[in-house]
Amino acid sequence: MTHLARASSGKTETRVKMAAGAEHGLKKIVWQKIRDTIIADCRKSEVWKIMILDSFTTQLLSLCCKMSDLMAEGITIVEDLFKSREPVLEMKAVYFMSPTAKCVDAFINDFKLKPKYKAAYVYFTDYCPDDLFSKMKVFCAKHIKVCKEINMSFLPLEAQVFTCGNPETFRSIYSPQSSDRGQTLETLADQLVTLCATLDEYPGVRYKKDSTLDYAKILAELVDNKLARHYELDDNGKKKEKTQAQLIIVDRAFDPVSPILHELTYQAMAYDLIPIKNDAYKFKAKDGSEKEALLNESDELWVKLRHLHIAEVTEQIPKLVKEISANKKPTDGKISIGGLKQLMKQMPVFRKQVAEKTVHLTLAEDCMNKFQSSVEKLCKAEQDLAVGSDVEGQKVKDPMRTLLPVLLNPHSTHDKIRAVLLYIFGLNGTTEENLTKLIQHVKIEGESEYITNWKELGVPIISSSSFFSSRKPSRRDRSQEERYNLSRWVPVIKDLMEDAIENKLDTRDWPYQSECPSAWNGSRAVSARQKHKPSSQDDHRTGSRLIVFILGGVCHSEMRCAYEVTQANKSCEVIIGSSHILTPTSLLEDIRDLSKKPMDTFTIGRGSQSSHIFLTGPSTVTPTVTSGGVKRLSLRLGSGGALLINRRETERPVAFCAVTLFGGDGGSLSLTPPQHRRPAGGGQLAWAARSSGHGDRPETLAVSQPVRRVNRDRPRFCRSSFSSAQI
């Protein structure tokens, strides 16, 4: 029996040298560490292996490598940990998963009764709790050949951008009704420690001091303590010294303007105005067919264009198309066999380049159409409100005169909300009377939380004596920088990055949780929203690192700043991250939902046959009764109540339970088990549920009238809202 012991690769990894060009960046570093740990162990055995992943590690691997990369390293199949899998007794399995009870239980089930694989190589993204570790030893010790914690529980989204992959963090941190704030901060701290371990950095930690909230301070303390424990002793028994890096933690209230403003740089504009889901852009080709393109760093043109102003993008793309067309033409119609062979080799590259240009021509055109139809009229007012001065540099004396044209024009409600928020942010809060009038003007009396809930972040909405002392951060003078008239605002995070590199941060506002060796120098950064040559990642980074973490989401314009400052300061690489990526729409919805009560939950069935029902708003649950041998559970939802039904892919259909829900005025919604399902159509809604042993049969939600379906990107979730009107 193989001895099962806890092993960690985080402290013994040699620092990954940051390569140039396409090799540079977080994704490369992460992939290299995976190769040096997981793949290196696989190479010791010549046989092909199966890799089994959970949802987080699936996303992690898909961000930094392709299936062909895994095939080259001896991984022949990639499977989902939670799906039913056929045993392959002649093959060894590599389990790469999060250290959660759900993952460990799924792993144990693969070996507890009858082993599915010849042996298991287990790798956790982070520290595995002792109880779970002991549980694995009890049931699976003889099957486990390797068990390691590789310290990698973050997602390398871009070369200089990472996330923790958890949008729910926003509610957990900022909701006044949050019950898991402490645990959420602990988890974020653990994830930040794994980032530092992957980069082989032991940074000094600083945070933004806030007079109203102390979440950034708490997180800074947690991270610093966990880093100290992580680096307490290395394999040689020596304590690791601080490296030339700084980690600065700020909360979302640090800059409420940037994620609300209409941005006109390509990436930020596209994600704001175009319905892009999971980085997938859907569009129609010239022949009318539906196409889909991924906007990620495998698209070289996207990397070149994403931080440029839309005006430059529309100039650049046609030029690049002409270049490719010119490169494809033979010189004089005569070509040798060798030349033909070379041309054939280049054809796939040409096709890929042409496809990329087509995608970006269409995307840029879509962005410009949105801009010309509505956004252009908003941008001047938004910029004046955000900056506090007009194009000529004259101070805006009466912000209400700037705001009124936006409110009087037929803009969307969301756009009006964004303008109102910029008005309030610029004044550092307004009066209750004025706020009431603004809410009425935008016609959101029933959803005023879009505006009022910003107070939960510590952003002044109502002017009061308690906020008079909160001064706005002084901004760097950028009056000499050439800018587009509709892109004058610079995210506050850029000032922070530049001030940190130049040692200009005031310790009264930015206290040290722990200091690091002074290694900050460099010239003043310049904006990439000016006319300039497209930035590249060809510079060889050998200096210090600045890591900025925003508690509560990072927007695309702030992501851009990390690249701009890095390009302008060759001695320091800036990496920015957060719990998740924000868009203006997603942020507004998150803000609105902060005051909503947590959803009531209950379960129908037991074990693998359970379905989970989530309720919001006033509701009552009628005790379970038995009628004709069929168990029934009735729920009564008050006005404004809502239902969410969740079926995991690993669960079997509920074949013995029927659920009936009654709306506020008698409308009803019934969950009918498979044997009672009716033909689809009319007032019925079906959602797919892959079910082991039952094929792919969908279950049906039968309703009195059609129900609006949401969360389209997650087809196993359905939500139905009940109001005073019948469904």
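Predicted model: local features only at pLDDT ≥ 70, side-chain atom pairs only at ≥ 80, totals over all residues.
A residue counts as buried when its relative accessible area is under 20% and as exposed when this is over 50%, with partly exposed in between (1.4 Å probe, protein chains only). Residues are numbered from 1 along each chain as its sequence is written, and side-chain values use heavy atoms, with hydrogens and water left out.

**Helix H9**
- Helix H9 spans residues 266–273 and is mostly covered, with eight of its eight residues buried.

**Helix H5**
- Leu132, Phe133, Met136 and Cys140 are buried in helix H5 (residues 130–140).
- These residues lie on the same side of H5 because they cover an arc of only 100 degrees around the axis (judged by directions from the helix axis to the C-beta atoms).
- Asp131 and Val138 are exposed, on the face of H5 turned away from its buried side.
- The buried residues of H5 pack against helix H4 (101–109), strand S5 (120–124) and strand S6 (144–149).

**Helices H18 and H19**
- Helix H18 (residues 492–501) packs with helix H19 (residues 556–568) at an angle of about 30 degrees, their axes 9 Å apart.
- H18 and H19 are therefore roughly parallel to each other (angles under 35 degrees count as such).
- The contact (heavy atoms within 4.5 Å) involves Ile493, Lys494, Met497, Glu498 and Ile501 of H18, and Glu558, Cys561, Ala562, Glu564 and Val565 of H19.

Note on methods. Helix = DSSP H or I, 4+ residues; strand = E, 2+ residues; numbered from the N terminus. Axes fitted to C-alpha atoms, helices over the stretch in contact; angles between N-to-C directions. Parallel < 35°, antiparallel > 145°, perpendicular 65-115°, else oblique.
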